[in-house]
Amino acid sequence: MIRTDWSLPEIHDLYTRPLLDLIFQAAVVHRENKSYAEVQVSSLISIKTGGCKEDCSYCPQAARYQTDIEVEPLMSLERVMEKAEAAKANGASRLCLGAAWREVRNNKDFDRVLEMVSHVNNMGLEVCCTLGMLTYEQAQRLKEAGCFAYNHNIDTSSENYHNIITTRHFEDRLHTLHNVRKAKLSVCTGGIVGLGETDDDRIKMLHTLSTMEVHPDSVPINALVPVKGTPLENNERVSIDIMVRMIATARILMPRSMMRLSAGRNEMSLAEQALCFMAGANSIFAGEKLLTTPNPDFDQDREMFKTLGLTPRQPFKETNHQTETIGEAQPHL
Ligand code: SAM
Ligand code: DTB
Ligand code: SF4
């Protein structure tokens, strides 16, 4: 049964259960889905890198921090297609186009992004975009161009938000997510652990996600990748049990959503990742780079899939969504 009325004490009780009990409970929920051994392989392309106006304290692409990132203009369509072909050849079924923008503007750059979306969709890949804040009209234009999903993370609890980002509000994120849902794009939203948040913040973030009117279709759980020059550069790595608790609790709360084991895999052993898959993760970002930081390469992940008996999920496959939108977005071939 899908519930959107979870209470904070209920989520607290799940999140604080003895770890192995929690993993077992989440694994039982996960195995009710007959495709539990299928993992979505999504690849990222940073189509516009660095120079962002926002002050997200984890992000190497914020213009105000001195990081080693080279600021680059919007990538050409040709370059995006080359990278998309390579990702497809390596078994990716979804391609996520990321831009270091505060918000989308109705200009030539957005027109070029729409072209990229349309071309990548025509290759038979699910296209996801993450371009910052979006109006309803812009979300509709993305949908019409063939975009499948939109990623827009809430990152942390509403209470902790202002400690991490001051140039926009938690409600701005919710507003964009509302526009995305209304335009019938698949909703991808999650957060980061390791920002210096408390367990309470993590529980509140899970509460926000699991009490949305409709659960997000996919939920990325990122572990902070600390980058030199950002305010969080010296944050300590959170221990693996936090990552596992987040994924397991999210799996129980949102049984039909894709749980993406996102940033931070480069620092995780195979055994640690295996625990995350056991706890209900069924999606990863693959390819040697996330947006600007290193990630395990395709070969490493192929090896991991072989060892753990996982298989890559095909694009545009029906999921047990609460919404009707997902099966509809077929590639315009
Ligand atoms: N600019 C757009 C936005 O903020 O929505 C899209 C790109 S932004 C880099 C996408 C997401 O990446 C952020 O919301 C955050 O959750 C995640 N992220 C960024 N830097 C990260 C880091 N150093 N470690 C982990 N996750 C990170
Ligand atoms: C998400 O939740 N994680 C991805 C994707 N959505 C866009 C980004 C992770 C970025 C990690 C830092 C970097 O590589 O710049
Ligand atoms: Fe800009 Fe997105 Fe990075 Fe924030 S997370 S600084 S909005 S690129």
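Mentor: Start with a definition: Ala, Val, Leu, Ile, Met, Phe, Trp, Tyr, Cys and Pro count as nonpolar, Asp, Glu, Lys and Arg as charged, and the others, Gly among them, as polar. By that division, the shell around ligand 1 has nine nonpolar, five polar and two charged residues. This is a predicted model, in which local features need pLDDT of at least 70 and side-chain atom pairs pLDDT 80 or more, while totals for chains, interfaces and linings use all residues. Residues are numbered from 1 along each chain as written, chains are lettered from A and ligands numbered from 1 in written order, and side-chain values use heavy atoms, without hydrogens and water.

Trainee: Which residues are the closest to ligand 1?
Mentor: They are Tyr58, Asn153, Asp155, Arg173 and Val225, out of 16 that surround ligand 1. A residue is near a molecule if one of its heavy atoms lies within 4 Å of it.

Trainee: What makes the pair between Asn153 and ligand 1 a polar contact?
Mentor: A polar contact is a pair of N or O atoms within 3.5 Å; within protein, one must be able to donate a hydrogen and the other to accept it, and residues adjacent in sequence count only if both atoms are side-chain atoms. A polar side-chain atom of Asn153 is 2.9 Å from an oxygen atom of ligand 1, so the pair qualifies. A backbone N or O atom of Tyr58 lies 3.1 Å from a nitrogen atom of ligand 1, and a polar backbone atom of Ala99 lies 3.2 Å from a nitrogen atom of ligand 1.

Trainee: How do the residues around ligand 2 divide?
Mentor: Six are nonpolar, six polar and none charged. Asn153 is among the residues around ligand 2.

Trainee: Why is Cys128 called buried?
Mentor: Buried means under 20% relative accessible area, exposed over 50%, and partly exposed in between (1.4 Å probe, protein chains only). Cys128 has 2% relative accessibility, so it counts as buried. Cys56, at 9%, also counts as buried.
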